Amino acid sequence: MNHLAEYALLGLTAGGAYGLIALGLIAVHRGTGVINFAQGAVGMVSTYAFWKLFAHAAVPLPAAIAAGIGTGVLVSVLFYALVGRRLVGATTTTRILVTLGLLMSLQAGVRIIWTNTPERVTPFLLPGGTTMLGARVQYLGLGMVLVVAVLTVLLTLLFERTRFGRITTALQDSPMGAQSLGYSPHPWGAAAWAIGGALAAIAGILLSPITELGPTALSTLIVPALGAALIAGFRRFWVAAAVGLAAGIAESLAIGLNVEPGLGKSIPAIVTLIALVVSGRSLPGRGTIDARRLFRVGSGRVSLAGIAIAAATLLLALYGGLADRWADVLAVTGIFALLGLSVVISTGYAGQVNLLPIGLAGGTMLLSAWINQQGASLPVTLLLSIGMAAAFGAVIALPTVRTRGVGLTIATLAVAAVIESWVFRSDSFLNGVNGWVVVNTSVLDLSFDNAVYPQRFALLVWALVLAASLAIASWRRSRAGRRVLAARADERAAAACGVSVGGAKIASFALASALAGAAGVLLALQSGTVGGMRFGEGLTYSDSLAIIAMAVLGGAGYIAGGILAGVFAPGGVIDQLLTFSASVNDWLALLLGLNLTFVLISEPDGVVAQVLRAAKRLASRKSEQPRRILGFLDLPTRPKQDEDSAWHELGSNAPETTGAAPGETVLRIEGLGVRYGGFSAIEDVSFELRAGEVLGILGPNGAGKSSLVDAITGFVPASGRITVLDADLSRLPPHERARRGLVRTFQDHLLFEDLSVRENLLVAAEPKDRLGYFSSLVRSRERDRDPIAAAAARVAGVEDHFEERVEGLSLGWHARVTVARALAARPRVLLLDEPAAALSAEARRHVTALIRKAAHELNIGVLLIEHNLDVVLDACDEALVLDGGRVLARGEPRAVLSRDDVKRAYLGAPLGETAPPPPPAPAPREHDQVTAR
């Protein structure tokens, strides 16, 4: 028992370091809303500064420690001043990549300034130990616990009891409100980053005697620290400190219990994964602030001429007299191009930062070599390994789809840590010192052994790159690609169109994992023997970060950008042409890190997008309407429909299962209630809506109108019963309700801005089958449901903008496209949330006419929230007034608006009069017509 107690006490030092890093993560997040993935790297740089001063320059210990902490503060504040302050309003993906760029830059900077060789730090503070409860405990561990406890108390008081805490909380909860009161986010954000930098420095300095000091050693502290911060909700300092200490103790206990070393070291990462699953939520709530602009994506069009030129160039390079080493160079370039294409899918298309590509490739290397050594042929090895890599990716993504944005990044970082510390260090996976031997390298008696036929192997690699590129291009043009891009642009709007956001994330991550798996199989074939001693070098999450940086530099939203990542990769074409040395590679890593840190904010689209824009400008000077630019073909103009035939097209394609007779009840709400904590936003609301009817939902601000629509469509939890054509939808998620005819719009439109008007409409109109994610790899079927999209565009008056990206359209056109997209979904019930907000009088008249005609021509029920009373009076058959989350009145719009209780709800009671409470069950009044003003 004393034996285990000693191991538990030994874990206090590492656990304290985890807790300190987690405290810094929370401080930065509470101050700026950013999760700093470089927190451990900041500690690493600070520790280097301290140790070089103390051990090499003979600076006194107190001064060296102060300098080390000052380095952490300086690095953090400089980063915030130069980059961090520009992250306000940036996408979650951009924030992640920028801090990962800082991590990469700091690691490269240390290698350039100091060394790449790990250095041992001799104990310098609190040496020795004592006996507690019969077990030996180090003074350093006790000191670490004391430091963590004191700092936890101080940080809790700072953020909970002081003006600093109140202001930073206000800036995060309501940025515009806090700034309107005169509070600039920048001084407070810089202070939060300074606190985070100081905590990272303290953690690194105190932990350095029990770990090697190297460019990557302390950076790995971020994994368990993220788990502690996640469990603490990135808010409660004491919870993060306790979990960090517990993770360190558990890791040390695993050693005492003789758990396999690699598995024991993985315990903190496993805790992080568990915390991630528990802490997630499926969709962002109303009012969630997240910028939508991310990488621009390509159209998926391919040029056969371009493919032919590339193939001829490859054959010339392989068989045109170049040295045999160029076959290896081209093979490496192709393998890393597959990893770059994996980044295009996961980061460029899906908007998820995946730190697992190279780690997964390394795991697939081991798997494929084992399968091959068991007697499987090369095709079976290839297909089985890729399939298992895809399945592994889907399993990883499955529990993290609820977490949004940063969740998958943390998950892949944790899994990468498990692979590096366990799989790449375990004899059972590596087959001891002998490793696994790839013995079957032939297809139909044609050998692809890289040692014997390097040119043939390089052709195999590039054949797979070509197949992958064509599959991705087809996927991008298909309904599968549109679903993924819709989920990337706005998860709530995608769900309202019937898209399963979780399904889109899982499918994209599975495809990205399959590409990484293909690269792993090829790496195994190239090396011949996999495993043995020193396996895993060059297969860390830091190497995955380098691939991401290269893909982003090339253009993460373009297939060509992924291939450029292979061209720039170590051992690739550019490396061979310029003969990079180790020191030059460090400078290249620094350049890539700085590109992620600085360039991403101002120019996220990469080299490919810049070249295409330049080519487009050049072509536009020669022709007003260029037909072909770099293989991206303009779509032909479609013949226009007359409006009557367009309405007939929409009506005739409505699903039979949602058909309703004129006047039949299509929506029934019974006892609907919504609570936010202790506040009741909707209370016991019941009403019916008939086919062909437009029902206006009126009420003052805060009456519960938007909460009502959110509850009906499944975006907030609600009690009560929601029925569409006698089908109970109360327990279904939003996308399933949309597929059953319950379709909605949003007040701020929430269009998919990277897609064209046509693609926006197709997202709503197309079938949402899971099989499409697989079939679309070989057949795009991009014209599926095009007549529905064209008809919806015609009736909404946006046909002339059919092929334009919606990001270039005005607010008025956005409103029309929003309604058109909802109609393309062929609803039975259409819920419109202020479709005429901020529109001109003419635009409002168009929307009004469109709403009336949609209800009558399509025989659907329309629920309309609108503050413009002219739209309500002209469009609605009846109006329902909410006040305080309860139904106040229902009836003909003019009659309802003339009621005294309705006037009081809108305007308040006259001076000196106390407003009576609304009656529980008011009866509509049918007289006293008034003119709305």
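**A walk through a predicted model**

G141 counts as buried because its relative accessibility is 1%, where buried means under 20% relative accessible area, exposed over 50% and partly exposed in between, with a 1.4 Å probe and protein chains only. This is a predicted model, so local features need pLDDT of at least 70 and side-chain atom pairs count only at pLDDT 80 or more, while totals for chains, interfaces and linings use all residues. Residues are numbered from 1 along each chain as its sequence is written, and side-chain values use heavy atoms, with hydrogens and water left out.

Back to G141, then. You'll find it in helix α5 (residues 139–161); helices (H or I, at least four residues) and strands (E, at least two) are DSSP runs, numbered from the N terminus. G141 touches L12 and T13, leaving aside residues up to four places away in sequence; contact here means heavy atoms within 4.5 Å. T13 sits 128 residues from G141 along the chain, yet their C-alpha atoms are separated by 4.4 Å.

Now hop over to a sheet. Six strands make up an open sheet with mixed pairing, in the order β14-β15-β16-β11-β17-β18; two strands pair if DSSP finds at least two bridges between them. At the edges you'll see β14 (742–744) and β18 (886–891), each pairing on one side only. From one strand to the next, the twist averages 20 degrees. Look inside the sheet and you'll spot β15 (residues 829–833) running parallel to β16 (residues 861–865), with five bridges joining them. L831, for instance, has L863 in β16 as its bridge partner.

Lying across β11 (694–698), β14, β15, β16 and β17 (878–883) is helix α29 (residues 705–713), which runs at about 140 degrees to β14. For that angle, axes are lines fitted to C-alpha atoms, for helices over the stretch in contact, and angles run from 0 to 180 degrees between N-to-C directions.

Last stop: the empty spaces. Rolling a probe the size of a water molecule over the atoms shows where empty space is left.
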